[in-house]
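Here are my notes for a first read-through.

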Amino acid sequence: MKNAKAIVLAAGQGKRMGSAVPKQFLELDGKPLLYYSLECFEQSDLISEIILVTGKDAIPFCWRIVEKYGFQKVKYVVPGGKERYDSVYEGLKACEACDIVFIHDGARPFPDGEMLERTMEAADKYGACVAAVPTKDTMKVGNAEGIVERTLDRKTLWNVQTPQVFRYDLICQAHREIRKGSMEGVTDDSMIVETLGICPVKLVMGSYDNIKVTTPEDLVIAENILSRRTVGPEA
Ligand SMILES: Nc1ccn([C@@H]2O[C@H](COP(=O)(O)OP(=O)(O)OP(=O)(O)O)[C@@H](O)[C@H]2O)c(=O)n1
Ligand SMILES: C[C@](O)(CO)[C@H](O)COP(=O)(O)O
């Protein structure tokens, strides 16, 4: 069996949430938001180790979460960086050699075990993959004046999520390589692999429940998803 490790990101400031406490630590049904993704990786037989990346000052708090909920796979809690890609890089530096690396936003509380299986299989086969869902809305490109320039072909569009999953050597090489130049506009890890043209990035079905909690209304949606998931699976 392949050895897979997970890097869970919790070093963001959550500016768009606008809360005093960083959003990954806000409570969802009495537990920190971060708990839910950690629990998913902890419970997956695919994952041997979790590297948690957080703000320097939040490291002791994160260890308390790890101890309180008995997350035995969390081996390292390391300080992140200014941008998301800096935090991923710090996570990769702490991640000892393995076969496959999952990179996941701690602000996405609802990955699930089957998603981890699908993405692991694709990463092993293609080298790189992202969880994603087909776009449901009609998508238009607007110009600077807010006038529609064109309508995109929805059949080709996906909303990209995490986990984003890679062969270990490939994602380490990609992050090292891209840092030699400008990282302007890099918002996820697959973009780095795409930009360098290292290998194809496979789109793998994620889940419409696998939202990123970004703004206050997402917390309400997350509460709703959580209450539905405790009753039964996604419809
Ligand atoms: N320097 C950063 C920035 C982001 N993240 C993490 O990356 C994930 C996705 O980022 P995003 O939703 O953009 O989080 P924030 O950067 O916290 O939000 P904002 O952009 O609103 O400040 C989150 O789990 C966040 O904690 C991180 O570890 N380090
Ligand atoms: C990685 C990501 O969650 C995929 O949707 C997203 O790109 C994070 O970037 P954000 O711009 O900070 O929301």
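1. Helices (H or I, at least four residues) and strands (E, at least two) are DSSP runs, numbered from the N terminus. A residue counts as buried if 20 or more other C-beta atoms lie within 10 Å of its own, as exposed if 12 or fewer do, and as partly exposed in between, with the C-beta atoms again placed from the backbone.

2. Keep in mind that this is a predicted model, where local features need pLDDT of at least 70, side-chain atom pairs count only at pLDDT 80 or more, and totals for chains, interfaces and linings use all residues. Residues are numbered from 1 along each chain as its sequence is written, while chains are lettered from A and ligands numbered from 1 in the order in which they are written.

3. Let's start with helix 5. Its buried residues are Tyr-168, Ile-171, Ala-174 and His-175. They sit on the same side of helix 5, because they cover an arc of only 140 degrees around the axis (the arc is that of the directions from the helix axis to the C-beta atoms). What lies over them? The cover for the buried residues of helix 5 includes helix 3, strand 6 (100-105), strand 10 and helix 6.

4. Now for how helix 5 meets helix 6. The axes of helix 5 (residues 168-178) and helix 6 (residues 189-196) come within 9 Å and cross at roughly 75 degrees. That makes helix 5 roughly perpendicular to helix 6. For the cut-offs, angles under 35 degrees count as roughly parallel, over 145 as roughly antiparallel, 65 to 115 as roughly perpendicular and the rest as oblique. The axes are lines fitted to C-alpha atoms, for helices over the stretch in contact, and the angles run from 0 to 180 degrees between N-to-C directions.

5. Which residues make that contact? On the helix 5 side they are Ile-171, Ala-174, His-175, Glu-177 and Ile-178, and they meet Asp-189, Ile-192, Val-193, Thr-195 and Leu-196 in helix 6. The residues of this contact between helix 5 and helix 6 divide into six nonpolar, two polar and two charged. Here Ala, Val, Leu, Ile, Met, Phe, Trp, Tyr, Cys and Pro count as nonpolar, Asp, Glu, Lys and Arg as charged, and the others, Gly among them, as polar.

6. Is it buried or exposed? Val-193 is buried, with 26 other C-beta atoms within 10 Å. Leaving aside neighbours within four places in sequence, Val-193 is in contact with Ala-128, Ala-174, Ile-198, Cys-199 and Val-201. Val-193 and Ile-178 are 15 residues apart in sequence and 8.9 Å apart in space, C-alpha to C-alpha.

7. Helix 2 (residues 59-68) has Cys-62, Ile-65 and Val-66 as its buried residues. They cover an arc of only 100 degrees around the axis, so they are on the same side of helix 2. The face turned away from that buried side carries the exposed residues Pro-60, Arg-64, Glu-67 and Lys-68. Among the elements covering the buried residues of helix 2 are strand 1 (4-10), helix 1 (33-43) and strand 5 (74-79). Just after helix 2, Gly-70 takes a positive phi of about 65 degrees.

8. On to the ligands. Ligand 1 is surrounded by 22 residues, and the closest are Ala-11, Gly-12, Lys-15, Arg-16 and Ser-87; a residue is near a molecule or strand if its C-beta atom, placed from the backbone, lies within 6 Å of it. Helix 3 gives the largest share of this shell around ligand 1, three residues. By class, the shell around ligand 1 has five nonpolar, nine polar and eight charged residues.

9. Around ligand 2 you will find Arg-84, Asp-105, Val-160, Gln-161, Thr-162, Thr-187, Asp-188 and Lys-212. Strand 10 (residues 158-167) supplies the largest share of the shell around ligand 2, three residues. The shell around ligand 2 divides into one nonpolar, three polar and four charged residues.

10. Last, two backbone spots to check. A cis peptide bond joins Thr-162 and Pro-163, with omega about 15 degrees, and Pro-163 has its place in strand 10. Asp-29 has a positive phi, near 50 degrees, in a residue other than glycine. Asp-29 is exposed, with 11 other C-beta atoms within 10 Å.

Notes: Two residues are in contact if their C-beta atoms, placed from the backbone, lie within 7 Å.
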